[in-house]
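This report concerns selected side-chain contacts in one protein model. Please examine the sequence and the structure shown here before reading on.

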Amino acid sequence: FPVTIRTAKWVCETPSGEIYVSTFTGNIYRIDQNDKVGHVIKLPYCIFIVEWLKDSTLLLTNGTEYIELNVYTKRTTKSQVSAITNDYPRMGILKEGLALSYQDGIRLYNGINSRLIIPASKQIEPMSYFDDNEYIWIAHRDGLSKFKKTNDLYLGINTYNRDKHVTSVIRDKTNKIWFTNFYNGLNMIVDENVKLYSQNSVNSQKNIFLSILKGATYVSLVNLIGEVYEIKKVTIS
């Protein structure tokens, strides 16, 4: 590390430890456990978000639809969506199903039906989701929000870094919450307090992180210029 994939936008990790990277130019790349980069497919549109769904399937969105991609056969299955106003579709893979952004808010989708869990009136335009047993954390344009799951609408518990554009959120193997801010670098929540954690100047493009993921012994980051970093033992490399 760093591995540079030009125009990188989003990263996700499979249970076997492979990393998939999506790009603004529609390319999908695979990084194996030996850091070898391989090209998977070129799609005719920008890929905003990519998540590992199941077996050999990636779930993608290009702004107007959700796309299931088999990474071996290269077959795609598409579903049209109406995105939240001024945003494009976002998704999170939860224990209860898929959290998908729609025009009326965030819906929980189980493959057949969906139900509204966070209405658009909450003004949450999600960037990414993190499933935390009885809670979900949502990174969005105005901060990082924590919601308690219920059988009806989810209950808002707290919002961190209000009025700041949070792009992604994870929990690492030591149970620390990490999240990335556009223009505000990498942050960590310790005892409900936010700590800025970065080696670069606040306004540096290297410090504009778009997404974050956890590995067995590390945390990986993608920044605005397409560099993929990893953090081991609280050191960015």
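## Charges over a ring

The charged end of Lys146 sits over the ring of Tyr135, at 4.5 Å from the ring centre. The charged end of Lys148 also sits over the ring of Tyr135, 5.4 Å from its centre. A charge sits over a ring if NZ of Lys or CZ of Arg is within 6 Å of the ring centre and within 35 degrees of the ring normal.

## Basis of the model

This is a predicted model, in which local features need pLDDT of at least 70 and side-chain atom pairs count only at pLDDT 80 or more, while totals for chains, interfaces and linings use all residues. Residues are numbered from 1 along each chain as its sequence is written, and side-chain values use heavy atoms, with hydrogens and water left out.

## Aromatic pairs

The whole structure contains three aromatic pairs (rings of Phe, Tyr and Trp, the last by its six-membered ring, with centres within 6.5 Å; planes under 30 degrees apart are stacked, over 60 edge-to-face, the rest tilted). One of them, Tyr66 with Tyr102, is tilted, at 6.5 Å centre to centre and 55° between the planes. Tyr66 lies in strand E8 (residues 65-70) and Tyr102 in strand E11 (residues 97-102), so this pair ties together parts 36 residues apart in sequence. Strands (E, at least two residues) are DSSP runs, numbered from the N terminus.

Tyr66 is buried, with a relative accessible area of 7%; buried means under 20% relative accessible area (1.4 Å probe, protein chains only), exposed over 50%, and partly exposed in between. Tyr102, at 19%, also counts as buried.

How values were computed. Helices (H or I, at least four residues) and strands (E, at least two) are DSSP runs, numbered from the N terminus.
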